[in-house]
Amino acid sequence: SLAKPAICRFEVVLRESTLQVQTARVFAQQVLALLVFAGLAWWFWSLAQAQGVAFGGAVAALNTLMIGSRLQGLPADQVRAQASVMSGAVQRFVFTLLALAAAIVWLHLPPLAMIIGMLSGHIVFAIHAVLLRRSQEPIA
């Protein structure tokens, strides 16, 4: 049987990296994406829209750090690990809700722009998840 080729150099790197390195890569690329999208929002719309995009992207990037730190310290016991992941999901959900509420109420940031920023971060996260899953598949 033929070996499955890596789709890019990045996929080979994923096979050899630790969770901490992967989390840092995803975070850095999310920050880059939020800067690009915020710059585009400023160019095409306004400064307020750009700030909303940047805020939403920052919330998504901070969620990545929260996921990474939660997964780093998972206990060996499966039941406790599942409980830790579930409580981490609730923690991220509450953080996201409070951050978005604060941005709307106190900072008066546009909600649609924040959603666009959050989507940019989640798209980067999803791309990494697909590449990681593909790199974990058997080569032969």
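Let's start with Val-36, which sits in helix α2, residues 19-44 (helices are DSSP runs of H or I with at least four residues, numbered from the N terminus). This is a predicted model, where local features need pLDDT of at least 70, side-chain atom pairs count only at pLDDT 80 or more, and totals for chains, interfaces and linings use all residues. Residues are numbered from 1 along each chain as its sequence is written, and side-chain values use heavy atoms, with hydrogens and water left out.

Helix α2 has 26 residues and reaches 37 Å from its first C-alpha to its last, close to the expected 38 Å (1.5 Å times one less than the number of residues).

Is Val-36 buried, partly exposed or exposed? With a relative accessible area of 43%, Val-36 is partly exposed (buried is under 20%, exposed over 50%, partly exposed in between, using a 1.4 Å probe and protein chains only). Other residues of α2 are buried, including Gln-22, Val-26, Ala-33 and Ala-41. Here's a handy rule: an α-helix has 3.6 residues a turn, so residues three or four places apart point the same way.

Now hop over to helix α5, residues 111-136, where you'll find His-128. His-128 is buried, at a relative accessible area of 7%. The His-128 side chain makes a polar contact with the side chain of Gln-29, at 2.4 Å (a pair of N or O atoms within 3.5 Å; within protein, one must be able to donate a hydrogen and the other to accept it, and residues adjacent in sequence count only if both atoms are side-chain atoms).

Last stop: helix α4, residues 78-105, whose end C-alpha atoms are 40 Å apart, in agreement with the span its 28 residues should have. Among the buried residues of α4 are Ser-84, Gly-88 and Thr-96.

Methods:
Helices (H or I, at least four residues) and strands (E, at least two) are DSSP runs, numbered from the N terminus.
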